[in-house]
Amino acid sequence: MSEPYAVPVPKGYRVGAWEVREPIATGAFGSVYVGRRADGPEGSPRTAALKFLPTGTGTPRQLAHLRELVERELELHRRLRRPRLIRMYDTLTVDDPARPGLDGATVLVLEKAEGSLSALLAASPRPAAGPALLAQICEGLAQLHRAGWVHGDLKPANVLLMKDGSARLADFNMAAELEGTHAYTPAFSTPDYTPPELLWSEIGERGRRIRPSADVWAFGVLAHLLLTDSFPLPGGTPTARRDAAAAYARGTDELRLSPELPDAWREIVRDCLARTHADRVSTDVLLRRVEAAAGTARSPRLPRALLPRRRSRRTTVLATATATVAVAVLGYGISTWADSGGSDGKGSTTGTTKVTPATYGASELRTDKGVPVAYRRLIVDAAHDCVQPEVTPALIAALLKAESDFDPDLSDPTAGKEGEYGIARWSPSILRWYIRADGVPAKETPEPPLTAAESIPAVGRYLCFMEPRLDPTGLSGDRRVLLAAAYRTSSTSVNDAGGVPPKYRDYAARVAHYLKEYTPGGEK
């Protein structure tokens, strides 16, 4: 693999009835592999996507209740004529004490897709299949809302494309069941697809209150992007677009949709992006209007570039509603895709692996200053998961450079009381509080080695948590550098010193240097 995987699993490894084959994708807290069924009943799917969640990793839906949720959703799946949610076939737990990194891991056996909408847009902006895909995405939202759930994180990476070109909603890590008019989700989200009322919403003990109208807003952003290759709110960065969304919500700015947006879609997008949640169109009404605008219910053809390069036999038809399948409570939750090419018979893969491009996040993080390509996606996505404007990809990259010179294997057991490890020099007992995406501390303290996939997202969460705790008026200096100093010491130390404490001024100077160097338009 050309980038670190959250859960490395060797090819040929057996889990239940499944044999692990080629890697598909990885994210900060899970890795997905092609699974080939080694045995099982006739008619069951022969291939699937195996999502490995690390030992001790929980989810917003609490894996302990996963079976109960799947059984409740099974009846929904049986009622659907054209399900638009990624299916889950089974859940497994790895029992392998000889492999501590895998022992206890949860494995979700999911319907295997051929690509994602984000990959399609990267290869073909404004695809001809856009209207038909939007109709299917909206159908999936309607199915989810009718079942009493909110998705909470609709974006291109969370729309998967099947072999026939049809779309499925996936990644339900932020999904939540409605309790009356609201549900409760973790505070993390993707700013570009988050409605203004949630950007600075109060976070309670149960998380952030969310309504189905949040998914409607995200659909409006997605539709505008798919049909015009641009976001509906101005700005060259997510931070600038977030500020534009706030100005629009306050009524100090107007919504200026792209002139390239087709007339049939203009009012649809406008009604999705209404200033307040109460003014947004309902999902059922939205579905009727979207289907009329799309003018077709046929599945679009998937571009050849997103299909596997070679197959040894025809893909088995997916199981019908009478088989033991269910609507997935958890989707892939992964943003980096790879081709599942054929084997050359020597254990290697003949397909070309798609890794994070060297230009990923280039508008926010320079590509010519030595930030390792393998960590660009982790760095950029970690910054985007925070709504605090000071937490930028350049800041996280500068901090990692100052901490470890991007060394993922750093080990300093003499630092502090318990040592510091990995690319971000985490103390394990501190990392425990920020390692999970849902904001809940891990049950057990992580043990070194600490991977980049664990460490980098946690840096973004720590900085996002720390920024509001810095004195808003009494500090001198660049607030981003002050945040880095708080990472190295604490917000209390920075506040008490009125800026960077003297002991950490050399460190802060290095961060400031790299911050300027990594910021586009900074150091030429």
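Searching the whole structure turns up one disulfide, a term used here for a pair of cysteine sulfur atoms within 2.5 Å. Before we look at it, please note that this is a predicted model, in which local features need pLDDT of at least 70, side-chain atom pairs count only at pLDDT 80 or more, and totals for chains, interfaces and linings use all residues. Residues are numbered from 1 along each chain as its sequence is written, and side-chain values use heavy atoms, with hydrogens and water left out.

**The cysteines**

The disulfide joins Cys386 and Cys464, whose sulfur atoms are 2.2 Å apart. Its torsion about the S-S bond is about 85 degrees, so the disulfide is right-handed. Cys386 lies in the loop between helix H9 (373-384) and helix H10 (393-404), and Cys464 lies in helix H12 (residues 452-466), so the pair ties together parts that are 78 residues apart in sequence. Helices (H or I, at least four residues) and strands (E, at least two) are DSSP runs, numbered from the N terminus. Cys386 and Cys464 are both buried, where buried means under 20% relative accessible area, exposed over 50%, and partly exposed in between (1.4 Å probe, protein chains only).

Two other cysteines, Cys138 and Cys272, are each in no disulfide.

**Helix H7**

Cys272 also belongs to the buried residues of helix H7 (residues 263-272), which are Trp265, Arg266, Ile268, Val269 and Cys272. What covers these buried residues includes H3, helix H5 (212-228) and helix H8 (283-294).

Now for the strands. An open sheet is formed by three strands in the order E7-E9-E10, with antiparallel pairing; two strands pair if DSSP finds at least two bridges between them. Strand E7 (115-116) and strand E10 (167-169) stand at the edges with a single partner strand each, so one side of each is left without a neighbour in the sheet. Strand E9 (residues 159-161) is joined to E10 by three bridges, and the two run antiparallel. Within this pair, Val159 stands opposite Leu169 in E10.

Helix H3 (residues 130-146) packs on the sheet and touches E9 and E10, contact meaning heavy atoms within 4.5 Å. The direction of H3 makes about 30 degrees with that of E10. Axes are lines fitted to C-alpha atoms, for helices over the stretch in contact, and angles run from 0 to 180 degrees between N-to-C directions.
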